[in-house]
Structures are given as C-alpha cells and as structure tokens.
Amino acid sequence: MADDPWVGLNGGLEAQLAGLHREIRETPELAAIDRIAVAVHDPASGRLRTFVESNIGSRPFDRFSDRLELHPTLAAVATTGIPFINNAIGTGAAVGADGLNDRLLALGLRSRYIVRIHRAGTLYGFIFFNSGRPGFFTEATVAALTPYRRLIDVLVVGTLTSQRTMLAAVRSALQVSHYRNEETGAHLDRMSRYAELIAQTLATRYLLSDEFVEYVLQYAPLHDIGKVAVPDHILLKRGKLLPDEYEVMKTHVAKGVEIIDAMIHDHGLEALPYRDLLRNVVAHHHECYDGSGYPHGLAGEAISLEGRIVAVADVFDALTSQRPYKDAWSNDTAAAFLRAQAGRRFDPACVEALLADPGAIRDIQQRFRETPGGFGLAALRQRAAQAAAC
C-alpha cells in the first residue's frame with residue numbers, strides 16, 4: 001500500500017476525500033481528525049453500505065452492508081436530522097447501540113461525530129468524523145469543521161446524483177431489453193451481488209476500495225445493454241445460432257459501449273464516477289482468460305478486473321437459474337464447471353473468490369428468487385411454441 005495516507009487507491013470520490021482530509025488536518029483546531037468516512041443509503045432496500053473513507057492509520061471496518069433499522073443511533077440521525085456526537089467512545093452511557101464502537105476503540109478512536117446527507121426528503125447517507133482525542137467534538141470544533149462537512153456533503157450528493165442519472169437512463173433501455181430476452185430482473189440482482197461478493201473477497205489482494213466494490217455492484221447489471229441493438233430474428237431465435245448470426249450477436253458488446261458513451265454525452269455525465277469501470281464491464285464481459293473470447297481476444301490481466309469479475313458472476317447465475325428451455329444446475333455442479341474453466345474461460349482468482357463462501361451464495365439466491373412470470377418475451381415465445389407442440 002502507498003505510504004502516503006492521502007492517496008486514494010482507486011481515484012474518484014475517495015481520492016477527493018483523502019485530499020480534503022489532508023487540508024482539514026492542516027487547520028490547527030482540526031488536526032486531530034483521524035478518520036472521515038461516508039456510508040450510502042439504498043432507498044429501495046433500506047440498507048446502508050460503506051462507500052468511501054480516509055484514515056490515518058488502519059481502517060476500522062471491512063466493507064459491510066446492513067439494514068439501517070438495526071443501527072438505532074444512525075436511524076435517529078436520519079429521522080431527526082440532529083447530528084450525533086459521542087466524545088467518550090467506550091465509556092458509560094456514551095456507548096452506542098450500533099455495535100461499532102468496539103472497533104473504533106481498538107484503533108484508539110475516542111470521539112465521533114455523525115451527520116446525515118439529505119436532500120428533499122431523500123436520505124443519501126451519512127458522514128462520519130472520528131478523532132483519537134476524547135472530548136474532541138466541542139461546539140467550537142464542530143463550527144470550524146462545518147464548511148468542510150458541507151463540501152463533503154455536496155461532493156457526495158453530486159457523485160451519487162450523476163451515478164443515479166446514468167443508472168436510470170441505462171435501466172430505461174434495459175426495460176426494453178428485458179422484454180426481448182430471457183434475462184430477468186432477479187438474474188440481474190443476483191449476478192450483481194455475486195460480482196460484489198467477488199470484488200469484496202479480492203479487495204485485500206488488489207487493494208480495492210469500498211468505492212470500487214460499490215461501483216462493481218451498481219454497474220454489473222448493465223453488462224448486456226448492447227442486446228437492445230440485436231435484431232429480433234437473432235436475439236429471439238430458438239435453437240443454436242448459425243455462424244453468421246452468432247457474429248451479429250457478438251456485436252452487442254461494441255453496441256453496448258456505444259450506447260454507454262452516447263448516454264454519458266447526452267446526459268452531460270462526462271464526470272461520471274468510475275466511467276471507465278462501466279465501459280469495461282460492458283466491453284470485457286465476453287473476453288476469456290486464455291484469449292479465446294471476444295471482441296478483442298484479450299487475455300489474462302489485459303482484461304480489466306471488473307470484466308473478469310462480471311464474466312464469472314454472470315455465467316454462474318445463468319447456470320444455476322431455471323429457464324423455460326433449461327433446468328437450473330445445482331450450485332455444486334456449476335462450481336465444478338467454473339473450476340474446470342478456470343485459467344481458460346475465467347480468471348482463477350475470481351472463480352475462487354466467488355466459491356469461497358457457499359453460504360453467501362445461498363443467501364443471495366434466497367433474497368433474489370425468481371418470481372412467477374418473470375421471463376422476457378423470448379422466453380414467453382418459447383413457452384408458447386412448446387405448448388403448441390404438445
């Protein structure tokens with residue numbers, strides 16, 4: 001890891017936060033702020049996820065995702081808008097009920113200050129400030145910190161707004177795609193969580209930030225956006241594609257990159273965070289580790305890590321999902337296939353990262369089960385054809 005604690009390992013908002021943290025500590029009355037972190041709130045699921053942070057010393061927490069309701073202190077801040085200050089972490093009545101204080105205390109952090117990030121009735125998340133000094137967050141200290149806190153708030157909201165604008169635009173296109181092929185919303189939910197699981201497992205090995213892992217989760221479902229440009233007679237064909245039809249199908253990768261670039265331009269999102277990660281997810285998810293994939297025949301680490309991650313996540317869910325034309329494979333059978341193809345089709349590290357926690361896989365499958373009638377138009381046509389043949 002880099003010696004400079006201000007360097008963001010993956011750029012983006014985390015790099016901005018690290019630079020701002022350095023500036024804050026150059027202010028004498030704020031020099032003892034040892035940690036700044038941001039967690040984001042997902043309004044659809046009610047879950048809170050770690051996002052970006054800057055630490056002097058070790059980081060207290062690995063990436064985690066949890067329901068906001070399980071953390072009463074944070075839920076109160078979210079509801080009332082009143083910041084929370086604990087200037088005596090680990091002592092008496094000042095001990096919080098969210099179970100996180102012990103880890104802060106173990107790293108010598110004695111004071112915490114938490115504020116919500118909120119706009120027009122929407123909770124975006126929280127900003128956390130920590131210091132190793134007991135009693136640090138006095139009224140004067142909070143006043144000196146306020147301009148920086150507001151700047152972090154603006155940076156986070158701007159980042160999440162551009163991200164959500166892009167996701168909304170692409171998902172509108174995916175709604176069209178959803179009715180033209182067999183992929184379901186549950187498939188996209190599962191494969192994105194598998195991708196998150198892989199990225200998180202590889203985080204230490206590749207020095208991946210929570211920000212990187214978050215964007216893998218958000219952008220993984222967009223990998224096949226280019227299928228909206230594939231003609232119906234090919235995309236909806238029952239049975240094996242002819243060689244020339246397969247070549248047309250393969251163009252969905254390049255078409256997908258074109259669609260992403262056009263949406264970025266049309267929506268004024270040139271500053272979209274982790275834009276290259278999104279493009280790589282779309283461009284590289286059909287590349288193979290041995291160079292036999294498409295469209296560029298990239299091999300090994302010439303394929304982006306995010307592309308290698310999504311390839312494993314996508315295929316695993318396709319194998320273990322039931323479709324009108326196939327039965328679901330068992331997790332063990334699918335795992336054996338992935339391992340057999342490791343070093344050929346798939347990055348071995350990504351395969352083992354996914355398969356290292358069978359319990360997490362089962363949990364994802366339980367949380368995002370298929371709903372009846374959840375298949376696209378292609379699947380419905382296949383069902384109709386099967387019924388007509390009976």
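These are my notebook entries on a predicted model of one protein chain.

**Ground rules.** I number residues from 1 along each chain as its sequence is written. Because the model is predicted, local features need pLDDT of at least 70 and side-chain atom pairs count only at pLDDT 80 or more, while totals for chains, interfaces and linings use all residues; side-chain values use heavy atoms, leaving out hydrogens and water.

**Entry 1, the whole chain.** I looked up the secondary structure first. The protein chain has 16 helices and 6 strands. Both are DSSP runs numbered from the N terminus: helices are H or I with at least four residues, strands are E with at least two. I then checked burial. Of the 390 residues, 50% are buried. Buried means under 20% relative accessible area, exposed over 50%, and partly exposed in between, with a 1.4 Å probe and protein chains only. The chain exposes about 17400 Å², and carbon and sulfur atoms supply 53% of that area. The areas come from the Shrake-Rupley method with a 1.4 Å probe; for residues, only the protein chains shown count as cover. I also looked at contacts, meaning heavy atoms within 4.5 Å. Among contacts with a separation of 6 or more, 66% join residues 24 or more positions apart.

**Entry 2, the sheet.** I traced 6 strands in an open sheet, in the order β3-β2-β1-β6-β5-β4, with antiparallel pairing. β3 and β4 (84-86) are the edge strands, each pairing on one side only. On average, neighbouring strands are turned by 25 degrees against each other, direction ignored. Two strands pair if DSSP finds at least two bridges between them.

I followed β2 (residues 47-55) and found 9 of its 9 residues buried. On one side, 8 bridges join β2 to the antiparallel strand β1 (residues 33-42). There, His-41 stands opposite Leu-48. The hairpin of β1 and β2 has 4 residues between the strands, and Gly-46 takes a positive phi near 75 degrees. β2 also pairs with β3 (residues 65-67), antiparallel, over 3 bridges. In that pairing Arg-49 stands opposite Ser-65.

Back on β2, I noted Arg-35 opposite Asn-55. Helix α1 (residues 12-25) packs on the sheet and touches β1 and β2, at about 50 degrees to the direction of β2. Helix α7 (residues 210-219) also touches β1 and β2, and its direction makes about 145 degrees with that of β2. Axes are lines fitted to C-alpha atoms, for helices over the stretch in contact, and angles run from 0 to 180 degrees between N-to-C directions.

I looked at α5 (residues 185-201) against α14 (residues 348-355): the angle is about 110 degrees, with the axes 8 Å apart. So α5 is roughly perpendicular to α14, a class that covers 65 to 115 degrees. From α5, Tyr-194, Leu-197, Ile-198 and Thr-201 make the contact; from α14, Cys-350, Ala-353 and Leu-354 do. By class, I have 6 nonpolar, 1 polar and no charged residues. Ala, Val, Leu, Ile, Met, Phe, Trp, Tyr, Cys and Pro count as nonpolar, Asp, Glu, Lys and Arg as charged, and the others, Gly among them, as polar.

I found Asn-130 in strand β6 (residues 122-131). Asn-130 counts as buried because its relative accessibility is 2%. Leaving aside neighbours within four places in sequence, its contacts include Ile-33, Asp-34 and Arg-35, as well as Leu-104 and Phe-137.

Notes: Parallel < 35°, antiparallel > 145°, perpendicular 65-115°, else oblique.
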